[in-house]
Amino acid sequence: MNNFNLFSDYLVASLHLSIPLAFAALGGFYSERSGVLNIALEGMLLTGAFTSATITFYTSNPWLGIVAAVIAGGLVGLLHAFLSVTLRVDQLVSGLAINLVASGITSFLARLIFNGSTQRLPGIEAIIIPGLSQIPIIGILLFQQDIFVYLLLMLIMLTTYILFYTSFGLTLRAVGEYPPAADTAGLSVPSVRYCAVIMSGCLASLGGAYLTLVQIRFFVEGMSAGKGFIAIAALIFGKWHPVGSALACLLFGATEALQLQIQAFGANIPYQFLLMLPYIIAILALVGLAGKSIPPKALGIRYSQGDRH
Amino acid sequence: MIYLQLENITKHFNSFIANDKINLTIESGKIHGILGENGAGKTTLMNILSGFYQPDSGNIYLEGKRVKINSPRAAIKLGIGMIYQHFMLVPQLTVTENIILGTESKWHLNLQKKQQEITNLSQLYQLEINPNAKVKDLPVGTQQRVEILKVLYRGAKLLILDEPTAVLAPQEVTSLITILRQLALRGNTIIFISHKLAEVINLCDTVTVLRHGQAVATINSKNTTTHELAELMVGRKLSLNLQKSPASLGKLVLSVENLQVTDDRGINAVHNISFQLREGEIFGIAGVDGNGQRELADAIAGLQPIKAGKIDCSSVGTKIGYIPEDRQKMGLVLQFNVGENLILRSFQKFPFCHQFLLQKQAIKNHAQVAMQAFDIRTNCADIQVSQLSGGNQQKVVLARELAGEPRLIIAMQPTRGLDVGATELVHQKLLAERGRGAAILYISTELEEVIAISDRIAVMYKGKFMDILDPEKTTVEEIGLLMGGGKKS
Amino acid sequence: MITPNKLLPIISPLIAITLSLLVGAILILLAGANPIVAYTTLFQESLSTYFGLGNTLTKMTPLLFTSLGVLVSLRAGQFNIGGEGQIYLGALGSSLIGLYIQGIPALIHIPLALLMGFIFGAFWGLIPGYLKAIKGVNEVITTLLLNYIAINLISYLVQNPLKAPAAPSPYSPLIAKTAQLPIILPGSLAHGGIILALITAGILWVVLVRSPLGYQINVVGFNPIAARYAKISVERTIMLVMGLGGGLAGLAGACEVMGLKYRLFEQVSPGYGFDAIAIAFLSRGNVLGIVLTSLFFAALRSGANVMQRSTSVPSTVVYAIQGLTVLFIAIALALEYRGKEIKN
């Protein structure tokens with residue numbers, strides 16, 4: 001019976017740890033499917049975490065915190081889009097710059113605002129669906145989660161549908177694979193890319209909001225700890241498909257969860273090796289997939305209308 | 001009835017006049033050719049008609065009504081369908097998805113219904129396609145049909161085709177011509193942009209020749225000849241014959257036996273090719289792009305591993321000159337200047353490198369000598385090669401590859417994108433090398449050139465030599481047939 | 001003759017730095033302090049006081065080494081974001097030599113420890129280099145992920161096998177005296193590492209600008225396809241620059257241990273690896289620019305603590321300023337690129 005609970009706890013922990021990754025990966029998905037490389041997911045996660053923490057701190061209302069995070073994330077996305085689509089800055093440089101700025105400014109402002117206080121923020125509680133939540137294992141996993149999880153599941157399904165069965169999805173795929181075709185069909189490549197990148201900012205930010213409002217309940221400098229980069233690895237591992245990438249995030253979350261459960265399993269592995277594990281797995285995933293996971297053809301390449309000829 | 005009229009269309013780019021008071025009328029149901037060299041203004045005119053640029057002055061009339069074509073969307077709405085030389089298709093999407101791209105904004109794409117519509121349309125116009133196929137799996141000729149269907153689906157009445165036969169095999173060309181004639185009979189108006197004289201005369205009812213941005217003549221194709229058109233295009237009397245002395249063959253330079261080479265994807269690109277090359281000989285290889293020419297050239301140059309067979313050029317040592325088919329992508333480093341590009345193969349050798357350091361003066365001197373010998377025109381020797389014209393860029397490549405008197409020269413599409421003057425120089429230099437005793441492999445899609453310059457011609461199709469011919473005894477038609485996989489009768 | 005075009009590579013970084021200092025001033029105002037006072041304190045302390053200058057030079061050493069590492073990789077078109085992890089590995093390598101080898105003269109011990117630092121760092125750079133060159137795995141993500149692995153690895157080692165007996169917090173024993181770099185400004189923290197770094201910068205300049213190896217690296221960076229036609233091995237060049245870049249960052253870590261701390265701590269670098277990226281971009285690939293920018297960033301970091309103490313502006317404002325400079329220089333570069341495009 002004990003092992004059963006242990007396993008159930010482990011699954012739940014894995015799920016929880018994968019949520020911020022999955023939001024970020026979903027955001028990265030939209031951006032990269034439109035052909036814009038997005039290394040700034042880390043910075044967007046951090047922005048979302050910081051903004052939701054700050055607004056919740058001042059207003060004691062976590063829902064406002066969430067809204068603020070989405071708006072802030074959208075603004076960061078707007079910046080990345082402006083830099084890489086309009087100004088045609090190299091997309092890698094733009095992403096890196098945003099990460100550096102986000103990290104610097106959030107660290108600085110956090111000192112001013114929180115001033116070392118570790119007072120827990122009011123968070124978001126789980127929603128329990130009566131009846132269904134009594135089912136062993138699956139009950140807790142699927143029917144006793146907070147709104148973020150349900151939202152994520154919906155978004156994943158919605159995204160899959162959008163990509164393959166709507167005009168927007170078709171346009172998105174065309175812009176990411178061969179922009180001149182979309183251009184000459186009368187579509188605006190920059191508009192699509194702006195839209196996609198702003199969305200990626202909003203989604204990644206939501207992941208950050210989850211960190212501060214559900215998981216950790218306060219803001220720590222640099223709390224994203226590379227999750228934005230693991231999300232990118234998950235995207236590649238999932239072959240740029242919403243469901244595949246989400247599953248990859250689950251895998252990485254499971255790896256991170258090992259660290260928390262390892263004492264309970266009774267093994268004597270130093271915690272640092274367990275901390276390393278998600279990153280090692282991510283690298284191995286990338287190596288294993290090399291050559292077989294094909295990105296959108298136009299990913300990372302600046303495009304302007306003159307490039308048609 | 002006049003369908004399209006252009007009145008005094010003019011377009012500047014800074015001080016460069018791309019289109020200079022161009023006047024044009026085309027009747028509906030007719031096929032009108034636009035001929036011109038690179039830089040003559042064809043592309044600009046086409047971009048104006050498809051809504052990409054706006055003319056600085058002048059008017060456009062469609063069916064007698066004055067129109068403004070402000071954007072590609074506007075052009076589509078006016079019934080203008082543009083078919084580009086490089087297809088505007090997304091390879092990873094299906095035919096149906098490509099055709100409906102950008103036509104509507106829906107939350108539910110009814111793909112089944114669309115597929116049916118497209119199948120009906122393709123049957124109506126007799127353009128056979130499979131709506132479910134992914135574009136990247138289709139042969140080039142079929143992809144072009146998808147492009148045509150795309151504009152017809154959007155209701156195009158005026159079709160503009162830009163160099164549509166550049167990548168087609170001869171039978172695919174015949175197919176296309178049939179389709180275009182049919183469309184014209186149905187009342188569509190067609191503009192056919194090309195630099196291939198024979199095709200234009202064959203297909204088009206009327207032809208306009210552009211030169212230096214101006215429309216220098218509009219002629220009925222029945223009343224002219226390819227020679228007259230060529231002279232109008234270039235503006236001077238042409239000598240289409242090269243001064244070629246009879247071949248005096250020397251020692252064996254290259255021997256290829258049963259060669260098999262695979263391409264980057266592991267597919268066999270060269271199947272069992274054997275031939276020999278001697279000093280003082282130009283061996284031409286004709287064929288449509290993508291039939292294994294690149295893999296063959298790379299293998300002989302030592303850049304691609306061989307799967308089976310033998311390449312023997314040991315008597316040559318390492319003196320091989322290789323002129324690649326894309327000078328900007330493969331032959332030059334655009335950010336380097338002329339001197340730095342010239343030492344690309346020899347930067348580790350004396351005199352350019354001495355005591356572990358590059359010798360600036362030696363590099364500079366070398367550049368000056370080369371620029372003189374090859375007539376490379378530039379204001380300043382220090383600028384990046386990206387600023388040079390296509391012709392001058394190719395001269396840099398030539399200067400580098402022909403330096404040091406190589407015994408074997410591999411030239412891939414050496415005159416691609418070059419104007420007549422630069423083309424003449426390339427041929428001159430290669431013939432000079434031949435006179436010096438070099439063996440030259442001349443691989444090109446330009447049949448007239450290959451016939452004029454080669455001593456022997458091989459026709460390559462799907463990785464094999466269909467036949468090896470004597471240029472003086474063969475014809476363009478015979479070679480064209482072999483290029484398309486047909487057998488010699 | 002100095003034309004406006006030639007001045008641009010110098011002007012745009014200056015504009016970027018000025019703009020970011022301006023935004024930084026806004027942040028300082030938010031913290032309730034006077035920006036002019038704050039900046040004066042910061043720069044005065046770090047550049048015009050003896051001890052402060054010593055501090056600045058000390059911080060400049062790892063910044064300069066690591067930025068040179070980023071630059072080398074960048075010239076071949078590779079984005080090496082793994083400087084942080086490579087610094088950690090270099091620190092480890094040199095510590096091992098300093099801890100486990102005793103009784104040899106400094107003349108041998110110091111070069112040996114530096115060499116081991118270089119090798120360890122180079123190894124950490126070669127992993128992503130190999131993965132990129134041979135397996136085609138994007139080096140940005142692998143180098144980033146390796147950072148976290150390196151930090152955790154060192155953390156484990158310092159807490160367990162390498163921990164000094166009876167130490168109240170995780171750190172290693174002192175390294176041998178003969179493995180320690182000499183102090184060059186007596187009474188301050190400035191050690192011989194800065195001289196090594198400057199010499200390395202000079203050598204690297206010669207190699208990149210004047211040698212055939214530098215030419216080869218440039219060809220691979222500008223046009224790998226043409227490189228192949230010139231029979232240059234693109235794979236080997238990529239691995240070379242990633243290894244070399246890692247090794248240079250490793251030297252940064254080695255100097256931190258051998259010149260500043262004399263033992264291995266859990267936190268080897270406070271983010272120098274990321275600063276290095278900013279520095280490399282700001283300097284537009286120019287070695288002299290890297291030297292000057294490293295000095296600037298080092299001054300920022302060095303004076304930040306004093307500024308925090310006297311004006312209570314959080315020292316983290318310098319991170320914000322550094323991030324902003326990258327942002328502004330990226331914009332400047334893009335505008336320049338566009339300017340060139342329009343001219344053509």
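**Close-ups of a predicted three-chain model**

**View 1. Where H2(C) meets H3(C).** In H2(C), Glu45(C), Ser46(C) and Leu47(C) meet Gly52(C), Leu53(C), Asn55(C) and Thr56(C) of H3(C); contact here means that C-beta atoms, placed from the backbone, lie within 7 Å. Helices (H or I, at least four residues) and strands (E, at least two) are DSSP runs, numbered from the N terminus. This is a predicted model, where local features need pLDDT of at least 70 and side-chain atom pairs count only at pLDDT 80 or more, while totals for chains, interfaces and linings use all residues. Residues are numbered from 1 along each chain as its sequence is written, and chains are lettered from A and ligands numbered from 1 in the order in which they are written.

The axes of H2(C) (residues 35–48) and H3(C) (residues 50–75) come within 5 Å and cross at roughly 85 degrees, which makes the two helices roughly perpendicular (65 to 115 degrees). Those axes are lines fitted to C-alpha atoms over the stretch in contact, with angles running from 0 to 180 degrees between N-to-C directions. By class, this contact has two nonpolar, four polar and one charged residues. Nonpolar covers Ala, Val, Leu, Ile, Met, Phe, Trp, Tyr, Cys and Pro, charged covers Asp, Glu, Lys and Arg, and the others, Gly among them, are polar.

View 2. S6(B) pairs with S7(B) (residues 158–162) in the parallel sense over four bridges; pairing takes at least two DSSP bridges. Opposite Ile80(B) stands Leu158(B) of S7(B).

**View 3. Chain C against chain A.** Here 41 residues of chain C are in contact with 36 residues of chain A. On the chain C side, H1 (4–30), H5 (106–135), H6 (139–159), H11 (272–282) and H13 (317–343) each supply at least two residues. H13(C) gives the largest share, 15 residues. That side of chain C has 31 nonpolar, eight polar and two charged residues.

**View 4. Chain A by itself.** Chain A comes to twelve helices and zero strands. Of its 309 residues, 54% count as buried. Among contacts in chain A between residues at least 6 apart in sequence, 78% join residues at least 24 apart.

Notes
Two residues are in contact if their C-beta atoms, placed from the backbone, lie within 7 Å. A residue is buried if 20 or more other C-beta atoms lie within 10 Å of its own, exposed if 12 or fewer, and partly exposed in between; C-beta atoms are placed from the backbone. Angles under 35 degrees count as roughly parallel, over 145 as roughly antiparallel, 65 to 115 as roughly perpendicular and the rest as oblique.
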